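Subject: Structure handover

Hello,

Please find the structure below. Notes on what was found in it follow.

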Amino acid sequence: MTSSTEVSAAIFDEVKAVVVVTLDIEDQAGDLGPETELYGNFAELDSLTVVKLIVALRKRFGIDIELREIVGEVLYTLGGLAAFVESKVS
Amino acid sequence: MTTSRTRPFAEPRVSGHAFTPDDEKGTSGVLIQLPDLVARSAQRSPGAPALTSRRTTITYAELHERTELAAAGLRDLGLEGGERLAVFLDKRIETVVALLGCSRAGGVFVPVNPVLRPRQVRHILDDCAVRVLVTSTERLRSLRTELATCKSLSYVLVLGDPPAEDQDAPYRVLAWSEVAERASDAVCPPTGGVDTDVAAILYTSGSTGAPKGVVLSHRNLIVGAESVSAYLENTSEDRILAVLPLSFDAGLSQLTTGFCVGAHVVLADYLLPGDVVRLCAENHITGMVGVPPLWIQLAAETWPPEAVAGMRYFANTGGRLPRVTLQRLRATFPAAAPYLMYGLTEAFRSTYLDPREVDRRPDSIGKAIPNAEILVAREDGSLCGPGEPGELVHRGPLVALGYWNDAERTAQRFRPPPNRPVGLCTPELAVWSGDVVVRDEEGFLFFVGRRDDMIKTSGYRVSPQEIEEVAYETGLVHEAVALGLEDEALGHRVVLVVTPGNPAGFDPAAVTARLRQVLPRYMVPAEVIVRADMPRSPNGKLDRGFLRHELTAARPLHDRSGAAT
């Protein structure tokens, strides 16, 4: 997997913005960094919101993401998710 | 982890009272505290894998060591015997170490379901006066407002870097690693406790009223571990996938039944059913326990051969598995034994069906698990005969110590068993489950329904499960819940709530038409309500109470509470 530090800042910020809005955690936006753990760490992220998140990322970046691709490590950290999105964009 | 210790079991530095040295624990064969299960397995096979979380695996020796270190750290922090420590985390190695370390230090652990919202967490912390909370930095951030006025809390221990000190907070925030992972010679002295001491409080997700804290002793947990691992035939060769929340009796049992025999427990949180399939394949899982909504999802997944190959058993608890789902799972895992189980938190675990009986009695919850006695009682307290429905009563060493700080509800559920010999002068408490069951001539038990969920319509008593089973058999619905709603003419009006199997072109009338062919008229739902998804309890079970509440919400509150008897 791509290391989260290699993700461009622009993509990271946009992914973060989508995550924050979809999970309704605007109040925590300032504290989120690439190493912030998502999966298992935010009660807001569940089987329903993950679908919303995928839909929102598809729309925002015009990319094709299958539900099946979002397993395990992709959602471990915010940086990891951004790296995944970046790999889809390029 | 680093440690400067050359011996795994150093002399305790606290002196002044006699105790058995720690390294004899396990060899004596007496299991007193929950962590003794781990100590014994560490003694027998220190290098065997105990626990995996994501990419990390630790051995039994390491788990034992980390438990001892955490216990010593918690004692140094000032956690007194019997004080409560809550853990609000997803499933990680630290989560398990926190539970075990608290226990080893003589504290009472309270696993909090990681999906709960801050207000519900606060309720639990207040209800049992939690002194130490273990959580993550992000979770603490979301809890901060609620915790600001939490009186009992002295410490919050966080994984990762503690956030900047909050001057107004009435508790101190420390890094978990500073407290529980210091390499030192400090060892937690034995607590001198007995196995009937309080070990844990599990909050049940009651759909009516606030959650209740079920108080479990070390004995409850140890007997449960031995009993369940015996009938599941767990061995040190097993690799158990722990998918259920650890705040749930069956969830905690995933750990204890593994540790009891030195099996390898793989911790799993999942967002999508595909995650579970992947974890089974990656870890060559041999056994797992699930609840019906999860099994319904998993039955619809594609299982690659490597995820199926090692599977020795699959077990269901927390509600009846629809027959079509059971059939699909048996086809998916042809070599695995299906275990149908029943348990209530108040008695940890209660019954299971011998897998060899599943073909003959796919609807049965089986018989009592080892070291439990299950009685079926009439309302007047006398025993029911075969074929006669009555309340399931569980007696034996699995019976919990009641509800925390709730004498009234404890007195309702925890009462003397019906068959207590008159000559015995001490009281015994059994759990009166509130579940209606019937026993057949051969002693097999069948779940009829929650006493509160039973539908009384046109003078008949109808089990919601009976209607739901037929709804599943139509193949048109994904999930189904039958409810009896108050009705002046009928007593109850039958309402079936479904999620469509195929949302496009779903016609509720088609379901009714099929039900009409199979069910007597009084059981046919007056109404079929279609929902996109079903409400779930935090433990992943279908939430009947929520649906009932939603469907009757138009009526005034005092009216509803009076109808729930």
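A polar contact here is a pair of N or O atoms within 3.5 Å; within protein, one must be able to donate a hydrogen and the other to accept it, and residues adjacent in sequence count only if both atoms are side-chain atoms. By that rule, nine residue pairs are in polar contact between chain A and chain B, both residues being at pLDDT 80 or more. On the side of chain A that touches chain B, the residues divide into ten nonpolar, six polar and six charged (Ala, Val, Leu, Ile, Met, Phe, Trp, Tyr, Cys and Pro count as nonpolar, Asp, Glu, Lys and Arg as charged, and the others, Gly among them, as polar).

This is a predicted model, in which local features need pLDDT of at least 70, side-chain atom pairs count only at pLDDT 80 or more, and totals for chains, interfaces and linings use all residues. Residues are numbered from 1 along each chain as its sequence is written, chains are lettered from A and ligands numbered from 1 in the order in which they are written, and side-chain values use heavy atoms, with hydrogens and water left out.

Interface: 22 residues of chain A are in contact (heavy atoms within 4.5 Å) with 21 residues of chain B.

Within chain B, Glu146(B) forms a salt bridge with Arg119(B), at 3.8 Å between the closest N and O atoms. Glu146(B) lies in helix H5 (residues 137–147) and Arg119(B) in helix H4 (residues 118–127) of chain B, so the pair ties together parts that are 27 residues apart in sequence (helices, H or I, are DSSP runs of at least four residues, numbered from the N terminus).

Regards

Note on methods: Salt bridge = Lys/Arg side-chain N within 4 Å of Asp/Glu carboxyl O. Helix = DSSP H or I, 4+ residues; strand = E, 2+ residues; numbered from the N terminus.
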